[in-house]
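Please take a look at the model shown here before reading on.

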Amino acid sequence: MLKIDNLHASVDGKPILNGLDLEVHAGEVHAVMGPNGSGKSTLAYVIAGREGYEVTDGSVTYRSEDLLAMSVEDRAKSGVFLAFQYPVEIPGVGSATFLKTAVNAARKHRGEKEYDAMEFLRLVKEKRAALGIDDGMMRRALNVGFSGGEKKRNEMLQMALLEPALAVLDETDSGLDIDALKVVADGINALRGPERAMLVITHYQRLLDHVVPDRVHVLAQGRIVRSGGSGLAHELERSGYAGLGLEPSAAA
Amino acid sequence: MPAPRTIPFDYPAPKAGAAAALPGAGLPWLDALRAEGRQLSADGLPGTRMEAWKYTSLAPLAALAFPPPGEPVAEAEPGAGAFDTIGGPALAFVNGRLDARHSRLDTLPAGLRVRGLAQALSDDPAQVEGLIGDTVPNGDPMAAFNAAFAADGCIVETAPGAVVDEPLRLRFAAAPGSGPLAWHPRVVVRLGAGSRLALIESHEGLAGEATWSNPLVDVGIGAGAALSHVKLQAEGAGAYHTALTRTALAADARYESHLLALGARLARHEIHIRFDGEGARCLLHGGYMARGSQHVDNTTVIDHRVPHCESREVYKGVLDDTARGVFQGRIVVHRDAQKTDGHQLNRTLLLSPKAEIDTKPELEIYADDVKCSHGATAGEPEADQLFYLRSRGLDLRTARALIVEGFMNELLEAVGHEGARAVLLAQVAAWIGEARP
Ligand SMILES: Nc1ncnc2c1ncn2[C@@H]1O[C@H](COP(=O)(O)OP(=O)(O)OP(=O)(O)O)[C@@H](O)[C@H]1O
Ligand SMILES: [Mg+2]
């Protein structure tokens, strides 16, 4: 599903990713861990296509297509989804309006019938109930004034509605209370399936107790320095990155 | 060559017979007022060397040739109005003249009195003298044209304590006609103590022809009364619009202005607020959207003469292509106006590198115990916001449109009347929909 080869990327001329290799197959969930500033969000942004993240070498292949050649919106429409570490506030744009526009753009792209207002309302109601999101939030402007946890849940609602083939979750668990973590984990698990792949970026074992990954990777200084099974996350939890022979917070 | 202080403007004097056709001709006070206006306007249009007109040049207006005022105006079809769906009482002015066929005054709510200017002048000239008979406001150059040439208008009054539920619509429509036309409507609004009214003023035109509308709207709000004033300016691409709205607030009065300016080749919306009584508040919300080579100017003067008044101004707009925007916001706090609370904000989204906004805040504060602030931002839609929306599959155009719409909607959400708000939101959406791909 996703194959990353020798990826080098810079931001503002500063190299952040330095020869990163990663392969995720359909049906798999991979966790990416690593110290602050190691390049996890940068990887997520490169996959989503954010401007200013310049790929200087290497390749990213998604479903045997050159992902890097695609526009941001084309990536999204062909099934790539990024749950943001810091979801962006869009003043004046109603959450419900936005969701409908996004979902219908995806449906149109897939050649499916666009939802009308009633159908969409029913669908949203079902999905948000599962995520414990109340209707009031839907009537507010997108992410504006949402608490940290509300923003993350809203990201999960978007994911549930857009049903992506490849989801990259950038610290979706950060800022969630214990109950919300469980709710979000259930949401992620509900989307697991043989046709889907997920890249879950996290600092904590907590989430991985609920969403058990097929593989765990450690990213440091812009490369994958260690990969293993779900046990690797437990090992990190015990001994930290220092136990891997890495500097703690190896950002510099 | 220095810019001229005034721009010569060959605005025709009414023909001998036509002057007599202006309503109220022969009333000595009115003849004197008109003569004063004519004398002031004979200097021409204000030039860019005048501080208040520094960023807005009326030179293209001066190049137009208008027929003499007071000539009869042929009946014309104005087409549908933007606020028709709202219903309720309405006055329609077509090509500057009150048009009974398109007006609805048969069902006036209790406590509301509405008369055409001509009617009022013939029924009760002494009362009208009390309302408009003073000299040209501030010696203002555009008000001078209005004083000299106003051929129509209306007087709106509420009885003390009257709570008028239905909004009153005042529609000024340009109908497809022949050749350039100008009108100088004079509108007087007086709210009795403790009364409430919503006024919806719209300036609309289908015609691409050159028109000049120069309304002077004079508002007086009695003690504890509240006026919500919605204004839509959506005239055609050949139109010039120079409006002065001046509002005086008595103690504990409240004035809300919700302006949406979309139309005209050049439009200036000047609002003067004067606090005469303590505890009064005003909220000025102005939205502007311009593209092509449109020019839109918002100029406000808020005169805090007495203590304990509050003014809030938020002007937000979107400029595309080579459109130009101007925001001039002056706040004057007199020496005795302690505890004044005045805030002003101007924010502009620039959708093209050639679009421009000139913002000039001016705070003149002579009291020492006040809270006053101003702020301004201008720039492209934020890259973070665009990326977020595109990462959800919205193409760049849709993402920009959504951000622009949200930017304007934030302002219009404050419009209290639901029907009026819906119309304004639809106007914004339509403006965005007209964008070139
Ligand atoms: N615009 C920028 N200019 C310069 N450096 C940047 C820029 N954006 C990111 N960086 C740097 O790139 C490095 C990687 O950042 P990134 O956000 O990918 O880290 P991360 O692994 O996601 O960290 P965290 O765990 O704290 O979220 C950091 O050192 C960061 O300071
Ligand atoms: Mg990060």
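Predicted model: local features only at pLDDT ≥ 70, side-chain atom pairs only at ≥ 80, totals over all residues.

Residues are numbered from 1 along each chain as its sequence is written, chains are lettered from A and ligands numbered from 1 in the order in which they are written, and side-chain values use heavy atoms, with hydrogens and water left out.

**The magnesium ion**

- The magnesium ion (ligand 2) is coordinated at 2.0 to 2.2 Å by A:Ser41, through OG, and by A:Gln85, through OE1; donors are N, O and S atoms within 2.8 Å of the metal (3.2 Å for Na, K and Ca), and sites may look incomplete because water is not among the atoms.
- This pair links distant parts of the chain, 44 residues apart, since A:Ser41 belongs to helix α1 (residues 40-48) of chain A and A:Gln85 to the loop between β6 (80-83) and α3 (95-109) of chain A; helices (H or I, at least four residues) and strands (E, at least two) are DSSP runs, numbered from the N terminus.
- A:Gln85 counts as buried because its relative accessibility is 14%, where buried means under 20% relative accessible area, exposed over 50% and partly exposed in between (1.4 Å probe, protein chains only).

**Ligand 1**

- Among the 15 residues around ligand 1, those that come nearest are A:Ile16, A:Gly37, A:Lys40, A:Ser41 and A:Thr42; a residue is near a molecule or strand if one of its heavy atoms lies within 4 Å of it.
- An oxygen atom of ligand 1 lies 2.5 Å from an N or O atom in the side chain of A:Thr42, and a polar side-chain atom of A:Gln85 lies 3.1 Å from an oxygen atom of ligand 1.
- The protein covers 69% of the 640 Å² of accessible area that ligand 1 has on its own, with areas taken from the Shrake-Rupley method with a 1.4 Å probe.

**Aromatic rings**

- Over all chains, the structure holds 20 aromatic pairs; rings of Phe, Tyr and Trp (its six-membered ring) pair if their centres lie within 6.5 Å, and planes under 30 degrees apart count as stacked, over 60 as edge-to-face and the rest as tilted.
- B:Phe9 and B:Phe66 form an edge-to-face pair, because their ring centres are 6.5 Å apart and their planes stand at 85°.
- Both B:Phe9 and B:Phe66 are buried.
- One aromatic cluster is formed by A:Tyr45, A:Tyr53, A:Phe84, A:Phe98, B:Phe387 and B:Tyr388.
- A:Arg50 lies over the face of A:Tyr45, at 4.5 Å from the ring centre; a charge sits over a ring if NZ of Lys or CZ of Arg is within 6 Å of the ring centre and within 35 degrees of the ring normal.

- B:Thr300, in strand β18 (residues 295-304) of chain B, counts as buried at 1% relative accessibility.
- B:Asp252 is found in the loop between β14 (239-249) and β15 (254-261) of chain B, has a positive phi near 60° while being a residue other than glycine, and counts as exposed at 52% relative accessibility.
- B:His308 lies in the loop between β18 and β19 (310-319) of chain B, has a positive phi of about 60° although it is not a glycine, and is partly exposed at 44%.

Terms used
Polar contact = N/O pair within 3.5 Å; in protein donor to acceptor, adjacent residues only side chain to side chain.
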